Amino acid sequence: MAKAAMIPIENGNLLAGLRQFLRQVLARPEIAAVLVPCQLPMKAMVMPTLVSDPERLSAANPLAPAFPLNAARMVSRLTRKEAGGTIVAVLRACEIRAFIELVKLRQARWEELIIVGIDCLGAYTNKDFFRIGDEDVEAFTGRFVQSALDGRDGEVDGVVLAPACQVCTDPIPNGADLVIGLLGADTGRALPVAAATEKGASLLEQLDLPGGKMPEAREAAMTDWVNRRRSKREAMGEATRSLTDSLEKLTAYLATCINCYNCRVACPVCYCRECVFVTDVFDHEPCQYLGWAGRKGAVKMPTDTVFYHLTRLAHMGTACVGCGQCANACPNDIPLAELFITASAPLQEAFDYHPGRSLDEKPPLAEFREEEFEEVVGIK
Amino acid sequence: MKKKIGKALVVGAGIAGIRSALDLAEIGYGVVLIDKAEHIGGVLSQLDYQFPTNHCGMCRMLPLVERDAGSQFCLRKGLFHENIEILLGTRVTAVAGEPGRFTVSLRTRPTWVDPQRCTGCGACVPVCPVEVPDAFNAGLGRRKAIYLPVPHQVPNAYRIDPAACTRCGACVDACPCGAIALSTAERKDFRILVVDDEPIVRQSLESWLEDEGFAVDTAASAPEALEALEKSEYQLMLSDIKMAGMDGVELLRQAKTACPDLAVVLMTAYATVETAVEAMKIGALDYLVKPFDPETLVPMVMRVHEELLAAKDRQVEVGAIVLAGGTDYFDPRQQAGNPYGYGRLPAVVTSLEFERIVSGSGPTTGRLVRPHDGRPIRKIAWLQCVGSRDIQCGADFCSSICCMYAVKEAMLAREKGAGEVEAAIFYMDMRCFGKPFQRYRDRAEAEGVRFERGRIHSLAPAPGTADPTLRFVALDGTVREETFDLVVLAVGQRPARGAAELAQMVDLPLNPWGFLATSPLSAVRTERPGIVAGGSFAGLRDIGESVIFASAAANEASRVLHGTGGSLAAIEEAATEFRDVSRQPPEVLVAVCTCGDRILSQNDRRQWIDRLERDPVVQETIFIDRVCTAEGWQALADAITARRPNRVLIGACHPYVFTRRLRELGRATRLHPALMDVVDLLGPRMAASGENAEAVSSSGDLPRRLAMAVARLQGTCLPQVEATPVSRQALVVGGGIAGMTAALAIADCGYPVDLVEAGDRLGGNLRWIGHTLDGHDLNALLAEAIARVGKHPKITVHANTRVRGAFGEVGHFYSTLEAADGAAQTLEHGVVVLATGGGEAAASAYGFGSHPAIVTQKGFQEALAEGRFDPAALNTVVMIQCVGSREEPRNFCSRVCCPTTLKQALALKRDNPEATVVVLYRDLMTYGFAETWFTRARRAGVIFVAYRLDDKPKVEVAGPDRPVTVTVTDAVLGRPLTVAADAVVLATGIAPGLPADLAAAYGATLDQDGFLAEAESKWRPVDSLREGVFACGLALGPRNVEESVATAGAAAQRALRILERERLPAAHLTAVVRHSLCARCGRCIEACPYEARRLDEELDRVLVNPAMCQGCGACEAVCPNGAAVLNGLSMPQVFGMLDQALA
């Protein structure tokens, strides 16, 4: 199955090559549409766009360091029920992981979907991306890719990757049906594309692409990449833990939360139709507020902010894919990505559960093992 | 719930009695459940851990259907069910009548503590001056004369042990509730006349008895006595026999004529004992042999006194009687010479004592230290078969339970000792014959428990210490000595004390082993219709089997009750029309019982009101003095009627006891009882660690408890869950003896049954087995069953038919039957019983198939029947046990092969006494009474040679006309042994015949060996996890005929719970789905242990089957946004309670 091919690149123009590749994909009669980040005509931004007209793929830009939202949520909308046609979605690694979690949670289906993943070079926060102002997005993308592949970690004009991306150790789109490699590739001539699933392989076979394989240098490049990120990740974890290792500190960390719930809307795996915090469960009686104020002397409004974040940590800790969209969405700049990544790591470690790693791994809460954590539950 | 007029008496409230009682109560019969002990639960109240889970789990026996009719909490603590009346300290004194109409006299021992008033505060304990060994801790600890029979019972009222109590009265003064009334007051009214011509006797008796509070008069001669009797009334006369003039016997005669109610005890010298015995025939109650001391006399008089007090015996009318009196345990002191020094060496304990040592409520609070010197226990030996398999002890039987409890105890010890404990089991055969037992035993061995084969003859203390040292011959022949910190005697079972008397009272014989004799092949029916045996009363069974036999007994009782008209509905009051308060905002009336000033004083009231009425839903807080009295209760009812609250919270004591009364209150006030709650204000306080009890019980805690209850109650709504309709007929799959028995058991209770059999004839394995080890004719049983099934108007037999497909849930399954000719039909039924049986496993070892002399057990029987083998020509027969059994992948014991081997070996020895029969075995599994035939086989000269799993026998075939050679290494001698055999019989065991897709069609699952995976091997042994699906016979696991028949009765009884109802009502605590919030992620479906939830693709909704939901709340726990709600324990309610707990 390990079928691979090469996507030709002319004059080092990666985007042009990728667009051509996607046009070939869309030309297949069994493919109804391609979901891919496209440059907006009216603003310097890219957004996931469902394209059925090959012409419109000339705006496709899956390499721009823009990450306005985790597209797994959009794929969920497209696949939740039978759609009547196969879609090809170009996703980042963390989007694929989130998507796999959503499939497990029955919020998405993979039946009419082929995922194309590209080695992820990371992205800026929304606010930083907007700083490119009027510069042509396509040109900026070129400078960004160069910086990323040259070992400058995507820094352009002093703008650096979003915190979550800086510490991301999983940029490889494992789990995709087709993987397009950037790491270790001779990007001036061609990009390797490899099928990781039967579905990917059969699509690849239909495309008129020269044969090839993943470059030998890829393995070393990936290791190097991950190692650099890992030390950063550990440092970030250390710093975040020291800021949040008591309830008092955590309260301070989250002090500016206004219960806007943007983070939960942005979170790709927070899948509830309605968050429990906006249901009547938290419709406290007015007398309760008075009671709390009476008991403590003063009570900050809105209440339940720390409770809300703790609940989200409890609910989503095992599923957090570390995409950082929570932080991106926070109007008050609470470093939520750092908190979630730091708090989730030991939890996921404890259950040996890596969200998005495999469809076959059940979420820890959905599985009961009698002989597990005996020291915690006290049952032997 | 629906109540029937039929009523049953269940004698014995151990695990089997509870099971029988619940089984009868759940189908609407009234039950009187009695136990001579002061607690329910029998021996299980002392056992904290049961294998194979090493947990408890008794609560899984609680009703699953119409849960609200009973309590839903730890069954070891207590049992409350609408239809069950429990009488403790009670025994049967007389039984008269016939099936359907028994009159039973019951006598309840007075406890002198009013359980209605006793709050269990324990103030009486420190002041009691008497200390006696504590039976609950198997004598390892001590208790006072006023005591709690078990520490965890609910409600837990103290009792006085009359035998130990000195009537000092200290407890009466100490009791803050006035709950204790020593019966010395009554003794003053108990007048005794002492008649003796010796002044010294008169004087000493008078003084002894007056010291005990009795009123005593004396008379020096018979005429004087008659005169006294004429003048005043006496209850008891103690008279000498040999007196000048008129003797005691004549006095007795005349006195009884004058005062027929007078109790007379004769005092006699040794020489006239015969006279005294004769005198009992003319009305003497008892006699005392002179000389006697107060220790003999006083208890006897007290007993007479109590018996007379109890003359007000209660009479109950019942239609059937279940005898579930359990068993007792062997006392090792009764062994000749007490070779293990039990009672002399403190480090030699019985298995029950060991259970108490590892129990958290035991004398060492569960620490693994020796109770007598506190030394850590690091090395333990278990000695098996103490009082079992021992003809000298009168036990020509295997107790069936000791091997497994010893393995469990060894595992527990290893676990408690964090791997530092050495555990060794000295055994003859490890009888791990239950379905998961062999694997459990193997796990124990893998985890380091040592298994040593051999019977320990005796033990002695190590020189200079009291530590027991065992001397034994190891398998390699060397004599070894080993010293242990503790030796645990795995004591066997004995018929329950009093079982013989009970049997005599109901005019039933005992079997040769001293247990109640039951009808052949039934084990629950007795010679007397309407009186049945449950649990281990008639045999030797572990928990799971006892539960099966208890349900089977309940089924027999149900059939008797049904057959004698007991199923008619009792007249019920018209259903109350409750006020509709669903649209009102909650208004809670809080009623606090002040219990005199015990709960709160007048001064505290303001504070309580302020605290409670901080929550505006509290309409008012009222205080009632003793709400438990009639006046108090009326005051409460009046307050509810006047103020019309829509929720009522009562702060009092004994909340469990209130359940029934709340229902009455609901009828009186038209407020639904589900909208009322009771908070225990006198129960034990929760003490946070480090906090002392004093601080916790201070006043702040109680109003807080009430406030928490208010928070919960205000969120309580009446569930709008619809009851599930039931298709009131059953499908039984499989027409062997189990299937036929189950079909008859259901049909006899009035419900139609479709019986499906794949073959062309009913009968299954009974068509070839012939007779049982104990000689019962199975053909007769089979013929009778087939005849009864054939003519039963409620049973439809579908022969040559298979179940092709099925779907549905409890109450309405739909099964498609396909006949051999292809004709198909679909049946609707409420329950299904899988009785698909099994057969002899195929042989694939020991040269099977390569020589006609190598046969399976079934093949051997057929060959003998067909004349292919002539017993006279069989000079040497080798029988090999455990062929492909008790090792992976078929790592379970089939139970029937060892008895079959004995049956065949004994038959062979009968027909050809000269024949050599060699049985090659690993552990001979003749559990229970089958042991007797093992003894007989050895006596008949059958040779038994043990082999090891890692050194199996070798079978060599030289040629078709030459004998087969079998070589085995004798595990005891360690030498190879070669036998030339005319026949080699392979015991291959049982292979199940339950197709996985059939089980799956009904939502049931198979275990790794292909038998039905029961919901719980001990507590729900015939249920699948999926409600409405049951199994019996070999589909459930290997069993002999008698046991299979019992599982069929049990499965039928479990099925009847459902068929008895037109609709399966939902309980108040039932899960519901808030569809608008639900993301259909399905986590709740996976989390539901009862498989009560499913995603309906068409509706795009998660649905809950309220009949299957047990209100456990797992769904609510996994649902991230409160779309899964447990009615009555919703998130806002729990948050509210937490909030109040912290306020």
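H6(B) passes H7(B) in a right-handed crossing, a crossing being right-handed if the near helix is turned clockwise from the far one by less than a right angle and left-handed if anticlockwise. Here helix H6 covers residues 222-231 of chain B and helix H7 residues 248-258 of chain B, where helices (H or I, at least four residues) and strands (E, at least two) are DSSP runs numbered from the N terminus. This is a predicted model, in which local features need pLDDT of at least 70 and side-chain atom pairs count only at pLDDT 80 or more, while totals for chains, interfaces and linings use all residues. Residues are numbered from 1 along each chain as its sequence is written, and chains are lettered from A and ligands numbered from 1 in the order in which they are written.

Two packed helices are described by the angle between their axes and the distance between the axes. The axes of H6(B) and H7(B) come within 10 Å and cross at roughly 15 degrees, with axes taken as lines fitted to C-alpha atoms, for helices over the stretch in contact, and angles running from 0 to 180 degrees between N-to-C directions. The two helices are therefore roughly parallel to each other, since angles under 35 degrees count as roughly parallel, over 145 as roughly antiparallel, 65 to 115 as roughly perpendicular and the rest as oblique. From H6(B), Ala222(B), Ala225(B), Leu226(B) and Leu229(B) meet Glu250(B), Leu251(B), Gln254(B), Ala255(B) and Ala258(B) of H7(B), two residues being in contact if their C-beta atoms, placed from the backbone, lie within 7 Å. This contact has 7 nonpolar, 1 polar and 1 charged residues, with Ala, Val, Leu, Ile, Met, Phe, Trp, Tyr, Cys and Pro counted as nonpolar, Asp, Glu, Lys and Arg as charged, and the others, Gly among them, as polar.

Another pair in chain B is formed by helix H14 (residues 543-563) and helix H27 (residues 1041-1059), whose axes come within 7 Å and cross at roughly 65 degrees. H14(B) and H27(B) are therefore roughly perpendicular to each other, and H14(B) passes H27(B) in a left-handed crossing. Among the residues that make the contact are Ile548(B), Phe549(B) and Ala552(B) of H14(B), and Ala1046(B), Gly1049(B) and Leu1056(B) of H27(B). By class, this contact has 8 nonpolar, 6 polar and 2 charged residues.

Chain A is divided into domain 1 (4-229) and domain 2 (236-377), with bounds that come from an automatic or database domain assignment. The C-alpha centres of these two domains of chain A lie 29 Å apart, and their contact takes 24 residues from domain 1 and 21 residues from domain 2. On the side of domain 1 that touches domain 2, H3(A) gives the most, with 9 residues. By class, that side of domain 1 has 15 nonpolar, 5 polar and 4 charged residues.

Met708(B) lies in helix H19 (residues 701-714) of chain B and counts as buried because it has 20 C-beta neighbours inside 10 Å; a residue is buried if 20 or more other C-beta atoms lie within 10 Å of its own, exposed if 12 or fewer, and partly exposed in between, with C-beta atoms placed from the backbone. Not counting residues up to four places away in sequence, Met708(B) touches Met1137(B), Gln1140(B) and Ala1141(B).

Most residues other than glycine have a negative phi, and most peptide bonds are trans. Phi of Asp507(B), however, is near 65 degrees, and that of Tyr846(B) is near 55 degrees. Is each of them buried or exposed? Asp507(B) counts as exposed, with 11 C-beta neighbours inside 10 Å, whereas Tyr846(B) is buried, with 24 other C-beta atoms within 10 Å. As for cis peptide bonds, one joins Met301(A) and Pro302(A), with omega about -10 degrees, and another joins Phe51(B) and Pro52(B), with omega about 0 degrees.
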